[in-house]
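Subject: Structure handover

Hello,

Here is the structure I promised to pass on. Please open it first, then read my notes below.

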Amino acid sequence: MARRGTPHGSGLGTRRWVVERTIAWLHWFRRLRIRWEIRDDIHEAFLSLACALIYWRQLQR
């Protein structure tokens, strides 16, 4: 089992936790967990709004 901070030689997965954390933050928005919208542009708008809110919360810290 690969642990964080332990070198494993291949270089794969070195930034995986960043992606997992971002997806977890997006799942806080219930509307983005399961895609209910039929139109792509509406879903993308909600995704952009969620990213803006996440960034705003990080700036407030």
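The expected span of a helix is 1.5 Å times one less than its number of residues. Keep that rule in mind for helix H3, residues 40-60. With 21 residues, H3 should span 30 Å, and its end C-alpha atoms are 30 Å apart, so the two agree. Do bear in mind that this is a predicted model.

Which residues of H3 are buried? His-43, Ala-50 and Ile-54 are. They cover an arc of only 35 degrees around the axis, so they sit on the same side of H3. An α-helix has 3.6 residues a turn, so residues three or four places apart point the same way. The other side of H3 carries exposed residues: Glu-44, Tyr-55, Trp-56, Leu-59 and Gln-60. What covers the buried residues of H3? The cover includes H1 and H2.

**The core**

The largest nonpolar core has 5 residues. They are Leu-26, Phe-29, Leu-32, Ala-50 and Ile-54. Two of these deserve a look.

Start with Leu-26, which lies in helix H1, residues 16-26. Its relative accessible area is 15%. The cut-off for buried is under 20%, so Leu-26 counts as buried. Leaving aside neighbours within four places in sequence, Leu-26 is in contact with Leu-32, Leu-47, Ala-50, Cys-51 and Ile-54. Take Cys-51 from that list. Leu-26 and Cys-51 are 25 residues apart along the chain, yet their C-alpha atoms are separated by 7.5 Å.

Now turn to Ile-54. With neighbours within four places in sequence again left aside, Ile-54 is in contact with Trp-25, Leu-26 and Phe-29.

Trp-28 lies in the loop between H1 and helix H2, residues 30-33. Is Trp-28 buried or exposed? Its relative accessibility is 67%, so Trp-28 counts as exposed. Trp-28 is 26 residues from Ile-54 in sequence. In space, the two are 9.9 Å apart, C-alpha to C-alpha.

**The salt bridge**

How many salt bridges does the structure hold? It holds 1. Asp-41 forms a salt bridge with Arg-39. The closest N and O atoms of the pair are 2.7 Å apart. Asp-41 has a relative accessibility of 42%, so it counts as partly exposed.

Best wishes

Key: Residues numbered from 1 in each chain as written. Predicted model: local features only at pLDDT ≥ 70, side-chain atom pairs only at ≥ 80, totals over all residues. Heavy atoms only, no water. Helix = DSSP H or I, 4+ residues; strand = E, 2+ residues; numbered from the N terminus. Buried < 20%, exposed > 50% of the residue type's maximum accessible area, 1.4 Å probe, protein only. Contact = heavy atoms within 4.5 Å. Salt bridge = Lys/Arg side-chain N within 4 Å of Asp/Glu carboxyl O. Arc of directions from axis to C-beta. Core = buried A, V, L, I, M, F, W, Y, C linked by side-chain atoms within 4.5 Å.
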